[in-house]
Every structure is written in C-alpha cells, then in structure tokens.
Amino acid sequence: MITIWGMQDSGNCYKPRLLMALTGRPFRHREISTLDGSTRTEAWLAKNPAGQAPLLELGDGRLLPESNAILCFLGEGTAFVPGDPFERATMLRWMFFEQNAHEVTVAVRRSLHVYPHRRAAASEERLRLTLEGGRAALAVMERHLAAQAFFGGERPSLADIALYPYTSSAHEGGFDLGPLPAVRSWLARIEALPGYQPKSWRPQD
C-alpha cells in the first residue's frame, strides 16, 4: 500500500492526503515533523536527503518527495489531470505559480505566525514583503476565478488541490479574504467536492 509521510499541520503535506480522499484511494499516513527533529534523523535523511515532508513511499520501496511532484504521480489517470495537452499545461502553470508566488509568501507568512521556532525569522521587513507578495498572489487568483470556476478550466484539477491548502489557511498568516469573493467561492466549491476531507483528517490504519 502507498504510504504518505507528512506533518499533520502542513499545507504541503495536506495536498496528497486531499487528493487521495477526493479519489477514494486507500493509503497509510505516517507522521513526521520538523518540530520534533524527526526530519533531521539519519533514518529520515536516508529517505529524503533534503530533510523535508511530504514524502511518498510506494509498496516497492521507491520514494518521491516534493508535494506537487507527488500530486502529479498520484493524479495520473484521474479526473484531476486534464486529457487535453493545453489544459494540462495550464494546470501545470498554476502549480508552478503555487510554488513560485503563492507558497513562498502566503505559506511562509503563516509559518512565521504559527510556529514558535520560526518567529525569530519574522523580521518586520520579511513580514512586510510576504504580506505584499501574498496579497499580490491572491489578487491574481481573484482575477482568474472571477472568470473561471477552477484553475485550468471548468473542472477541478491538481492545480486546485495545490492551491487550496494554504489559501484556506491564509487568515492564519494575517491575510484577509473578505475582499476576495471569487476566492472564497472557489474555496467553498473545493469543500463541496465529493470525498473532500479537511486538513485534520487522516486515514485510520
């Protein structure tokens, strides 16, 4: 069976769990955390030299890190990957946007607020820059969603799963979604999908 190693509270680790819930496939969750040092042990670094989570472990022992790479692997053959090449490239475009513009601002600012061990890095300048960058990224999403229901088309794709976790928790980083009605409506559409589970969910062994 597939094993997904991840930190329960991490948005990046939530992405593959959410996809598995939406597609109704079984998997094991194994908790690993940056907070208790378990991602810096020799055993973990042997699995993932970058010392990060999530990590996908297949039944044959193959390992795959990086949340969006895991989504692409797990998404093969599902309705969350468009068959049309242009629509698939558009999906990837938003997944790249998530990592290059959204995660590095919205998610990082949240982590500076939420995790005590990150607060030392929460300089006034860094908080200002992540707030400005995050607002800009959310504004890009708002403009897109004012015209389309999802990212990459009229059906949800891996791009929506990639963008959902840290957008839904953006308020924890001090972002106000009140002025972004299209983003809020999109969040509601994701939460209404059959099989949807919140970040706190994990499968029972």
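**View 1. Helices α1 and α3 pack at an angle of about 10°, their axes 9 Å apart.** That angle makes α1 roughly parallel to α3, a label for angles under 35 degrees, where over 145 is roughly antiparallel, 65 to 115 roughly perpendicular and the rest oblique. Axes here are lines fitted to C-alpha atoms, for helices over the stretch in contact, with angles running from 0 to 180 degrees between N-to-C directions. Helices are DSSP runs (H or I, at least four residues), numbered from the N terminus. On the α1 side, N12, K15, P16, L19 and M20 meet S67, N68, I70, L71, L74 and G75 of α3; contact means heavy atoms within 4.5 Å. Sorted by class, this contact has six nonpolar, four polar and one charged residues. Ala, Val, Leu, Ile, Met, Phe, Trp, Tyr, Cys and Pro count as nonpolar, Asp, Glu, Lys and Arg as charged, and the others, Gly among them, as polar.

A word on the model: it is predicted, with local features needing pLDDT of at least 70 and side-chain atom pairs counting only at pLDDT 80 or more, while totals for chains, interfaces and linings use all residues. Residues are numbered from 1 along each chain as its sequence is written, and side-chain values use heavy atoms, leaving out hydrogens and water.

**View 2. Here α1 meets α6, with axes that come within 8 Å and cross at roughly 135°.** From α1, the contact takes G11, N12, Y14, K15, L18, L19 and L22, and from α6 it takes L158, I161, A162, Y164, P165 and Y166. Ten nonpolar, two polar and one charged residues make up the contact of α1 with α6.

**View 3. Now look at α4 beside α6: the angle is about 10° and the axes are 9 Å apart.** The two helices α4 and α6 are therefore roughly parallel to each other. Residues of α4, including W94, F97 and R110, meet L158, A159, A162, L163, Y166 and T167 in α6. By class, eleven nonpolar, two polar and three charged residues form the contact of α4 with α6.

**View 4. Step into the largest nonpolar core, which has 44 residues.** Such a core is a set of buried Ala, Val, Leu, Ile, Met, Phe, Trp, Tyr and Cys residues joined through side-chain atoms within 4.5 Å, where buried means under 20% relative accessible area (1.4 Å probe, protein chains only). M141, F151, L158, I161, Y164 and W186 touch the most other members. The largest share of this core, six residues, comes from α6.

Technical notes. Buried means under 20% relative accessible area, exposed over 50%, partly exposed in between (1.4 Å probe, protein chains only).
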